[in-house]
Amino acid sequence: MKAYERLLNYVKIHTASSPSTGATPSTPCQWDLARLLVDELRELGLENPGVDEYCVVTAWLPATPGCENIPALGLIAHMDTSPDFSGNSVNPIVHENYDGGDIVLPKEGRVIRVNDFPFLPQFKGKTLITADGSTLLGADDKAGVAEIMTALERITTENRPHGRLCVAFTPDEEIGEGPDHFDVDAFGAKYAYTVDGGPASAVSYENFNAASAVVDIIGVSVHPGSAKGVMENALLIAQEFNALLPPDAIPAKTEEYQGFFHLHALSGGPARAQMEYIIRDHDKGEFTVKKALLKRAAAQIQDAHPAAKVKLTLSDTYYNMKEQLSGCMHVVERAMEAIRLTGAEPWSLPIRGGTDGARLSFMGLPCPNLGTGSYNCHGPMELAVAEEMDQMVEILLHIVRLYAE
């Protein structure tokens with residue numbers, strides 16, 4: 001079975017995670033894909049396929065004769081899709097022999113326009129997969145799941161030599177909780193790859209340092225008719241707080257290695273308000289500066305509004321995996337060699353976000369990130385390129401062979 005054919009099946013299973021439930025997995029629908037994958041891993045003949053109480057799917061493929069002493073290699077992808085846009089009732093559409101122009105989706109009047117996504121013409125003549133415009137596609141990261149499963153099928157049916165392979169599919173990556181209950185020691189891999197990126201020829205071993213910030217504001221609420229000199233409107237105080245942050249350090253005005261503050265939630269009223277930010281920067285020093293700026297802003301706002309209460313809660317989420325990979329760059333170099341063996345030129349893509357691999361690297365499992373051949377994730381313009389998915393399968397097969405040699 002082709003990787004994109006598996007993708008067409010997987011995306012129909014609703015697996016969106018949720019940041020608000022406090023449960024693990026954060027949504028019960030993730031169990032549906034987990035159980036299906038366990039069955040498929042069992043059919044492929046992997047060892048001890050199962051899903052634990054936290055919805056982490058694992059299985060192992062024993063080394064072939066003569067490869068028993070090769071360090072165990074892990075392959076990891078996540079099952080959940082972004083909660084930012086609906087992933088329920090996904091209707092995937094296959095666009096064969098793409099003409100290089102705008103892609104009209106049948107629902108919601110949406111069009112994937114070349115003017116908005118100028119990289120599209122490079123896929124002329126290829127087969128693209130999209131949703132119908134009413135949902136995201138879910139190739140992030142079901143394309144990665146499909147590619148790992150297809151590579152495993154090739155390895156087992158074609159009797160390819162390999163060291164011990166450790167496979168895992170995690171829940172809740174999109175809300176930063178994928179590795180929360182990941183047992184690195186039990187997994188058993190010495191090195192691993194997450195398959196959770198964009199272009200198939202890209203290898204990522206740098207990512208943002210990340211933190212979350214919550215600003216709770218308690219104002220002074222009185223009747224607006226008699227509010228002079230008394231009212232402290234929490235919403236207006238929130239606006240003042242945000243105005244103290246650099247206006248150009250936002251996602252819409254940054255790229256590549258540039259960090260940002262992202263206000264992704266604002267709720268409340270005059271009496272009480274809450275702001276939720278994510279803070280990102282590749283550079284550890286600049287990351288520290290950004291967090292310090294938030295603390296100064298909170299103190300400044302509190303001083304300006306002594307009758308109100310302003311509370312800032314900062315929490316680090318993950319760090320730049322480059323720190324942990326510097327001593328074992330062979331995992332990156334072999335991935336790049338594998339890409340060259342498919343006829344493409346590899347390139348390094350700094351992740352403007354994070355993956356399970358970022359946290360796993362700090363948990364003792366060096367884990368750079370590979371592409372999936374999917375683009376425009378987390379929204380209705382998402383698409384996957386079938387030929388790049390095939391290429392990604394070949395890259396995984398080459399990596400396994402390179403380590404076996």
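In this predicted model, N48 is located in strand β1. Although N48 is not a glycine, its phi is positive, at about 50°. With a relative accessible area of 57%, N48 counts as exposed, because the cut-off for that class is over 50%. Strand β1 covers residues 47-51 and runs antiparallel to strand β2, residues 57-61, with three bridges joining the two.

E256 is placed in the loop between α5 and β12. The relative accessible area of E256 is 53%, so E256 is classed as exposed. For context, most residues other than glycine have a negative phi, and most peptide bonds are trans.

Cis peptide bonds occur in the model as well. The bond from T24 to P25 is cis, and its omega is near -5°. P25 belongs to the loop that lies between α1 (3-10) and α2 (30-43). Another cis peptide bond links D140 to D141, with omega about 10°. D141 is part of helix α3, which spans residues 139-157.

Aromatic side chains form nine pairs in the structure. In the pair of F119 and F123, the ring centres are 6.1 Å apart and the planes meet at 75°, so the arrangement is edge-to-face; the limit for this class is over 60 degrees. F119 has 24% relative accessibility and is therefore partly exposed. F123, by contrast, has 1% relative accessibility and counts as buried, since buried means under 20%. A tilted pair is formed by F241 and Y277, with 6.0 Å from centre to centre and 50° between the planes. Because F241 lies in helix α5 (residues 234-243) and Y277 in strand β13, this pair ties together parts that are 36 residues apart in sequence. Both F241 and Y277 are buried. F119 and F123 also belong to one aromatic cluster, together with F117 and Y375.

Charged side chains are positioned over aromatic rings too. K284 lies over the face of Y319, at a distance of 4.6 Å from the ring centre. Over the ring of Y403 sits the charged end of R334, 4.3 Å from the centre of that ring.

The largest pocket of the model holds about 1900 Å³ of space. Its lining is made up of 50 residues, and E174, R352, G353, G354 and H378 are the closest of these to the pocket centre. By class, 20 of the lining residues are nonpolar, 19 are polar and 11 are charged. Several strands and a helix each contribute at least two residues to the lining: β11 (209-218), β12 (260-268), β13 (272-281), β14 (309-318), α9 (356-362) and β17 (374-375).

Technical notes. Residues are numbered from 1 along each chain as its sequence is written. This is a predicted model: local features need pLDDT of at least 70, side-chain atom pairs count only at pLDDT 80 or more; totals for chains, interfaces and linings use all residues. Side-chain values use heavy atoms; hydrogens and water are left out. On a 1 Å grid over the protein atoms alone, a cavity is a set of points where a 1.4 Å probe fits but cannot get out, and a pocket is an open set with protein on both sides within 12 Å along at least five of seven lines; lining residues have an atom within 4 Å of a point. Grid points are joined across faces, edges and corners, and a volume is the space filled by probe spheres set on the points. Helices (H or I, at least four residues) and strands (E, at least two) are DSSP runs, numbered from the N terminus. Ala, Val, Leu, Ile, Met, Phe, Trp, Tyr, Cys and Pro count as nonpolar, Asp, Glu, Lys and Arg as charged, and the others, Gly among them, as polar. Rings of Phe, Tyr and Trp (its six-membered ring) pair if their centres lie within 6.5 Å; planes under 30 degrees apart count as stacked, over 60 as edge-to-face and the rest as tilted. Buried means under 20% relative accessible area, exposed over 50%, partly exposed in between (1.4 Å probe, protein chains only). A charge sits over a ring if NZ of Lys or CZ of Arg is within 6 Å of the ring centre and within 35 degrees of the ring normal. Two strands pair if DSSP finds at least two bridges between them.
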